Amino acid sequence: MSAHNRPLSPHLQVYKPQLTSVMSICHRATGIALAAGVLLLVWWVVAAAAGPEAFATAHGFLGSWFGMLILFGFTGALMYHLCNGIRHLFWDAGYGFELETAYKSGWMTLGAAAVLTVVAWIIVAAG
Amino acid sequence: MSENSMRSTSMRSTLGRVRHLGSAKEGVHHWWMQRLTALALVPLVLWFVVSVAGLAGMDYAGALAWIGSPSVAITLVLLIGATFYHAQLGLQVVIEDYIHNEGLKIAALVLVKFAMIILAVASIFAVLKIAFGG
């Protein structure tokens, strides 16, 4: 039988989405989004080094409602990836594999990411 | 399987363990550097987010003064280095997982590696230029 005709095991879409599996793919998705979003921060620091006009352009965009919307999404993705990354580090060390623990740490990650994102923007609003 | 046995069981052969290298011919280097940069990024990212959130809306002079102060400039360079190293490692795995055409895969890997290095060097240069008063 050629390699192309071999029977395949059931693919991802036959499974019901679970908190654990959805959070897993979200870790990767936020990682890709953060790599793209970091371009804005590179633009900001390079513009600051380039001079007042370039800085004003970057600052104007990032301070606009659209720029703030992107930055809010970036903050959310960042906090999710950070908290879930810590969850991954515990797994790497061999802890937290019990099903109940994996769900508990999943909800804790989502809660912590939401709180950190809101706290960051409260600091922005207060400043 | 108990957590204890997961920690103590090795899936590698004795010879493989001695050589320290798996099929990727680089052993656990990629895996380890991804974890090491992740660990470094936890405090660096939290510091950056809190600092920038507190300084949101700062003007040009304020931005230069903040970026240019020695402790901030040093921490920013560390953050930039860890960020792009970590991003390169992560994007590499995504490309290896999803792009199955060998030519396209190698092209994407080279492109991402070059892009991450260029972005890191450009941002570090910008921080240093500001710090040294250029």
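# Notebook: helices and selected residues in chains A and B

I began with residues 29–50 of chain A, where the chain is 100% helix and 0% strand and the end C-alpha atoms are 32 Å apart. I note at the outset that this is a predicted model.

**Entry 1. Annotated spans of chain A**

I consulted UniProt for the origin of this span. An unreviewed entry there gives "transmembrane region" for residues 29–50, 62–82 and 107–126 of chain A. I then looked up residues 107–126 of chain A, which are 100% helix and 0% strand, with 28 Å between the end C-alpha atoms.

**Entry 2. A pair of helices in chain A**

I turned to the packing of two helices. Such a pair is described by the angle between the two axes and the distance between them. The crossing of α3(A) and α4(A) is right-handed. On the α3(A) side, the residues making the contact include A:Met68, A:Leu71, A:Phe72, A:Gly76 and A:Arg87. On the α4(A) side, they include A:Ala102, A:Ser105, A:Gly106, A:Leu110 and A:Trp121. I recorded the make-up of this contact as 13 nonpolar, 7 polar and 1 charged residues.

**Entry 3. A:Gly106**

Is A:Gly106 buried or exposed? A:Gly106 counts as buried because its relative accessibility is 0%, and buried means under 20%. This glycine is found in helix α4 of chain A. With neighbours within four places in sequence left aside, A:Gly106 is in contact with A:Leu19, A:Met23 and A:Arg87. I also looked up the separation of A:Gly106 from A:Leu19: the two are 87 residues apart along the chain, and their C-alpha atoms are separated by 7.2 Å.

**Entry 4. A:Val38**

I next examined A:Val38, which is found in helix α1 (residues 19–50) of chain A. A:Val38 is buried, its relative accessible area being 11%. Which residues does A:Val38 contact, leaving aside neighbours within four places in sequence? I found A:Phe74 from chain A, together with B:Thr83 and B:Phe84 from chain B. I recorded one distance as well: the C-alpha atoms of A:Val38 and A:Gly76 are separated by 13 Å, and the two residues are 38 apart along the chain.

**Entry 5. A:His81**

I searched UniProt for a further annotation in chain A and found that an unreviewed entry places a "binding site" at A:His81. This histidine lies in helix α3 of chain A. With a relative accessibility of 16%, A:His81 counts as buried. Apart from residues up to four places away in sequence, A:His81 touches A:His27, A:Thr30, A:Gly31, A:Leu34 and B:His86.

**Entry 6. Chain B as a whole**

Along the sequence, the pattern reads α-α-α-α-α-α. Of the 134 residues in chain B, 33% are buried. The accessible surface of chain B comes to about 8200 Å², and carbon and sulfur atoms account for 72% of that surface. I also looked up contacts between residues at least 6 apart in the sequence of chain B; 65% of these join residues at least 24 apart.

**Entry 7. Annotated spans of chain B**

For chain B, an unreviewed UniProt entry lists "transmembrane region" at residues 36–57, 63–85 and 106–132. Residues 63–85 of chain B are 96% helix and 0% strand, and their end C-alpha atoms lie 25 Å apart. Residues 106–132 of chain B are likewise 96% helix and 0% strand, and here the end C-alpha atoms lie 39 Å apart.

B:His29 has its place in helix α3 of chain B, and B:His30 lies in helix α3 (residues 29–54) of chain B. B:His29 is partly exposed, with a relative accessible area of 42%, whereas B:His30 is buried, with 13%. Leaving aside neighbours within four places in sequence, I found B:His30 in contact with B:Leu89, B:Gln92 and B:Val93.

Definitions and conventions
Residues numbered from 1 in each chain as written. Chains lettered and ligands numbered in written order. Predicted model: local features only at pLDDT ≥ 70, side-chain atom pairs only at ≥ 80, totals over all residues. Heavy atoms only, no water. UniProt positions renumbered as here; feature names shortened; annotations may be inferred. Helix = DSSP H or I, 4+ residues; strand = E, 2+ residues; numbered from the N terminus. Buried < 20%, exposed > 50% of the residue type's maximum accessible area, 1.4 Å probe, protein only. Contact = heavy atoms within 4.5 Å. Left-handed = near helix turned anticlockwise from the far one by under 90°. Nonpolar A, V, L, I, M, F, W, Y, C, P; charged D, E, K, R; others polar. Areas by Shrake-Rupley, 256 points an atom, 1.4 Å probe, with all protein chains shown as cover.
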